[in-house]
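User: Could you take me through this structure step by step? I would like to begin with its surface.

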Amino acid sequence: VLIPSVGLCIHPWLFAEHGLFVVATDVAESALSALAAPCQWPLLYSQAAFERWDIAESAMYAEYQNPNSFSRMPRLEDPEVLEALRHRITFALSDWSGLPMADGSIDALFATNALPRESDAELFRVLKEWSRVVRPGGIVLIAMHNAKHNVIEPILRAFGWVQADVLSGQRVEQAESTVFQVCYSSG
């Protein structure tokens, strides 16, 4: 799973805990350093941080369980858990439009708030780079709180990608078609 412009998000550790290999890229070396050393940041990466986040999210949903909540936080404060997961994650300093991987080498791309918003030309350049690295038949999930669906989706369809409800497990008939979903994210 490629996570471009990862920032400080927990997703690489969550995917690694589910047995996936992850490449987390960012242009900010400080973000990658913090993410790679979660024990130094217990307010962000610990069971207690997860519980605080889940309580806050649940309150936002009027005391109902958050429908988008992940099941649990890996216990990154435990050195054994951390080491077991660390070998599944590669942290790479990289611009989002110049990724350090071969053509068609990525099975899945998970991007949350990782697309340029100011320039459609820059947005196109980034999406074109993503289309270079995702293999035919791969899966792309783009979650943004300011998504330009009317701009992003036609570009991805022009690449020959097929839109599907990835989060619900929807599949397409053509196994060689890259599948994508653009959805709203609260942050």
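This is a predicted model: local features need pLDDT of at least 70, side-chain atom pairs count only at pLDDT 80 or more; totals for chains, interfaces and linings use all residues.

User: What share of the residues counts as buried?

Analyst: Of the 187 residues in the protein chain, 45% count as buried.

User: How many helices and strands does the chain have?

Analyst: There are six helices and seven strands in the protein chain. Read from the N terminus, the elements follow the order β-α-β-α-α-α-β-β-α-β-α-β-β.

User: And what about contacts between residues at least 6 apart in sequence: what percentage join residues at least 24 apart?

Analyst: Among those contacts in the protein chain, 66% join residues at least 24 apart.

User: Let us turn to one helix. How does the span of α5 compare with what its residues should give?

Analyst: Helix α5 covers residues 120-133, which is 14 residues. At 1.5 Å a residue it should span 20 Å, and its end C-alpha atoms are 20 Å apart, so the two values agree.

User: Which residues of α5 are buried?

Analyst: They are Glu 122, Leu 123, Val 126, Leu 127, Glu 129, Trp 130 and Val 133. Viewed down the axis of α5, these buried residues fall within an arc of 155°, and therefore they line one face of the helix.

User: What is on the face turned away from them?

Analyst: That face of α5 carries the exposed residues Ala 121 and Lys 128.

User: What covers the buried side of α5?

Analyst: The cover includes strands β1 (2-3), β4 (106-112) and β5 (134-144), together with helix α6 (149-158).

User: You mentioned α6. Which of its residues are buried?

Analyst: Ile 152, Glu 153, Ile 155 and Leu 156 are buried in α6. Down the axis of α6 they fall within an arc of 160°, so they line one face of this helix. The face turned away from the buried side carries the exposed residues Asn 150 and Ala 158. Among the elements that cover the buried residues of α6 are α5, β5, β6 and β7 (179-184).

User: What follows α6?

Analyst: Gly 160 follows α6, and its phi is positive, near 90°. Gly 160 lies in the loop between α6 and β6 (162-163).

User: Which residues other than glycine have a positive phi?

Analyst: Ser 5 is one of them, with a positive phi of about 50°. Asn 113 is another, with a phi near 50°.

User: Where do Ser 5 and Asn 113 lie?

Analyst: Ser 5 lies in the loop between β1 and α1 (11-17), while Asn 113 lies in the loop between β4 and α5. Ser 5 is partly exposed, with a relative accessible area of 24%. Asn 113 is buried, with a relative accessible area of 18%.

User: Now for α2. Which of its residues are buried, and what do they pack against?

Analyst: In helix α2 (residues 29-36), the buried residues are Ala 31, Leu 32, Ala 34 and Leu 35. They cover an arc of only 165° around the axis, which puts them on the same side of α2. They pack against α1, β2 and β3 (89-93). The exposed residues Glu 29 and Ser 30 are carried on the face of α2 turned away from the buried side.

User: What about Thr 25: is it buried or exposed?

Analyst: Thr 25 is buried, with a relative accessible area of 0%, and it lies in strand β2 (residues 22-26). Leaving aside neighbours within four places in sequence, the residues in contact with Thr 25 include Ser 5, Leu 32 and Ala 92.

User: One last topic: how many disulfides does the search of the whole structure find?

Analyst: The search finds zero disulfides. Cys 9 is buried, with a relative accessible area of 19%, and Cys 183 is buried, with a relative accessible area of 14%.

Definitions and conventions: Residues are numbered from 1 along each chain as its sequence is written. Side-chain values use heavy atoms; hydrogens and water are left out. A disulfide is a pair of cysteine sulfur atoms within 2.5 Å. Buried means under 20% relative accessible area, exposed over 50%, partly exposed in between (1.4 Å probe, protein chains only). Helices (H or I, at least four residues) and strands (E, at least two) are DSSP runs, numbered from the N terminus. The expected span of a helix is 1.5 Å times one less than its number of residues. The arc is that of the directions from the helix axis to the C-beta atoms. Contact means heavy atoms within 4.5 Å.
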